[in-house]
2 protein chains.
Amino acid sequence: MKSLSIKDIAVKANVSITTVSFIINGKAKEKSISEAVIEKVEKIIAESGYKPNQIARSLRTGNSNIIGLIIEDISNSFFSRIARLIEDKAYKRGYKIIYSSTENSVDKAKELINMFKSRKVDAYIISPIKGIEEDVKMLLEDGNPVIFFDRNLPDINTSYVGADHLNASYQSIQSFIDQGKKNIALVTTDINVEQIVERYDGYKKALEDNGIKYDENLVLKIHFNQEESETISQIKQLFEQKNIDAVLFATNYLAISGLKVLKQINKKIGDDFAVIAYDDHEAFELHTPGISTVQQPLEEIAENVIKIILKQLSSKTKLENQQVIIPAKLIIRD
Amino acid sequence: MKSLSIKDIAVKANVSITTVSFIINGKAKEKSISEAVIEKVEKIIAESGYKPNQIARSLRTGNSNIIGLIIEDISNSFFSRIARLIEDKAYKRGYKIIYSSTENSVDKAKELINMFKSRKVDAYIISPIKGIEEDVKMLLEDGNPVIFFDRNLPDINTSYVGADHLNASYQSIQSFIDQGKKNIALVTTDINVEQIVERYDGYKKALEDNGIKYDENLVLKIHFNQEESETISQIKQLFEQKNIDAVLFATNYLAISGLKVLKQINKKIGDDFAVIAYDDHEAFELHTPGISTVQQPLEEIAENVIKIILKQLSSKTKLENQQVIIPAKLIIRD
DNA sequence: TTGGATTAGTAAAACGTTTTACTTTATTGC
DNA sequence: GCAATAAAGTAAAACGTTTTACTAATCCAA
């Protein structure tokens, strides 16, 4: 069964295609179509269940009403929760989301940008990685709305929404020091993105400001794409071989691995060993004792992202770029 | 800067649009285009960075190379992990995923189906809810490939992939009974989908087969869309007011709420109180003691879904519907 | 040398919309 | 009673592809 076209409706109503189009698009009044005709056509549309072909519409208008979302990995709860919030808000304004995960591969990210481009998405929401600068620049030159979130690329001049990672990390370390900790480790990843680097910088700066010597042996950089078993054995080594009384995990999945290690080697979190995880996770609240975390303001990030992008979409002219840095919150649990 | 069209390439190469099209689509040989022309055109395409407009392509061919994914909630880890796996496998075959969350609303689900329809997605992967039977039937009548996963709708005759919920639930209860438990509670939701109903049926049947009387006071049905605080207080009531020595949670997020209650009221899981959660979660492995769970075979579900749908997409004729029921695995932890 | 087959390529229709520029009829102001 | 204006509507081009049906030239066999 072929689906109906505007032509079928026009024939049924015995009017022109143009007239039907005007009515569908709410321009009937302004184009002076009579009330009688409007009613007749609307009735036929309702009865027949006709829905305009969005593809044809997109081809003609150049808009797709689709927003492309490029993230690292939809199965990571940080991204899936952001995605959900963004989807929600976009949906209410008539926009759909098409997403893809880059898995931190530059090639895949570039490919995705190209694919979105050829699909003529109306806007790009990207959690970027280094290496796609040129591609993003081209998007911007072509006049596409692009917004970064979570991570930023310093060379690119576009809007950005993210948490204040440096400060959050600094405060975490400061809270360790306030508890009298001296040997503070950092478990982070080796991916070279601003948001991760900032967490590292915050760590370093807090130590410095408190007159504690930075010791690179206490910083463990985990390779991004490796198996969890490998990660676990590396963390185990750190915990067993160094004299550590506190550790900051730069991502929640690293913290999860770390907690598994603690369980394995039967080391308890308590007065002589403190833990903070960056990015909250349900497991942390439930854990005994509760794991302190840096909570990223998901809702606010999503809200700002979509607000900025929708504003840009509804504006004829290019708006000023916005940089929104939202404070993260240190939640102390025990 | 306007993006390039096939026409621009044709002009530059001094050949017809048709010729360029044939070359792009790998039909050059079969349409007897000379090697020299092929090379010339390919060079120009590569140099100019031309990418065919997928929208125009879709309009003409009727295919979008997009698969629509309709789920309950992308931020739920079960769905986001499935989504990731599906995305991955689809991507390798040149298909993109466009997803939306229904939030368990029939209206939203219907709307989504319509939206996907008007976007001419090539196939539908749906975790369905009751109430959309008619809409799905129409899709099927129009010849669209549709596959259900996780949940099934008994009235609809289409392919389905899911776990064996009844059996998994039965076995969980059986394992409680084998441990000598007598007062076994079930915390489930009130959404009326097959997958949830089956878990309930398995609970009931296991009790019956073991000669234990079913007591409806031990079954708590949580309203789907309510606040977590409300859920927690209901579970608390159940735990405090009934004499219970084991509980099966029908979803992982209910189990999380339940564990929070246990922490609050300081009730320990151990010899006199056992817990099993349906659907695994990272928090469960980390928990002390570890929480036993029913693990759904995510990978296998995703693999079967995409295999069936891709097979259907590459076939000219309508293939036989397939029902794939995959056993779930009871993981006992302590 | 003729005429069927092959080679190399192209013109134009079609996909389903939106939108511009136009026509026809009715109404108004003077 | 006539020009100007408004009301009601439409024809056709355009968006960027794919694909069908076609042409023109060359080749080969009998």
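Residues are classed here as nonpolar (Ala, Val, Leu, Ile, Met, Phe, Trp, Tyr, Cys and Pro), as charged (Asp, Glu, Lys and Arg) or, for the others, Gly among them, as polar. In the predicted model, the surface near DNA strand C divides on this basis into twelve nonpolar, eleven polar and five charged residues. DNA strand C is surrounded by 28 residues, of which Ile6(A), Asn53(A), Ala56(A), Ser16(B) and Ser34(B) are the closest. Both chains contribute helices to this surface: at least two residues each come from helix H1 (6–13), helix H2 (17–24) and helix H4 (54–61) of chain A, and from helix H2 (17–24) and helix H4 (54–61) of chain B.

For DNA strand D, 28 surrounding residues were identified, the closest being Ser16(A), Ser34(A), Ile6(B), Asn53(B) and Ala56(B). The surface near DNA strand D draws at least two residues from each of H2 and H4 of chain A and from each of helix H1 (6–13), H2 and H4 of chain B. Its residues comprise twelve nonpolar, eleven polar and five charged.

The contact between the protein chains involves 41 residues from chain A and 41 residues from chain B. On the side of chain A that touches chain B, two or more residues are given by each of H4, helix H5 (77–92), strand S2 (96–101), helix H6 (106–118), helix H11 (252–265) and helix H12 (282–286) of chain A. The greatest contribution to this side is that of H5(A), with six residues. In composition, the side of chain A that touches chain B consists of 14 nonpolar, 13 polar and 14 charged residues.

Terms used
Residues are numbered from 1 along each chain as its sequence is written. Chains are lettered from A and ligands numbered from 1 in the order in which they are written. This is a predicted model: local features need pLDDT of at least 70, side-chain atom pairs count only at pLDDT 80 or more; totals for chains, interfaces and linings use all residues. A residue is near a molecule or strand if its C-beta atom, placed from the backbone, lies within 6 Å of it. Helices (H or I, at least four residues) and strands (E, at least two) are DSSP runs, numbered from the N terminus. Two residues are in contact if their C-beta atoms, placed from the backbone, lie within 7 Å.
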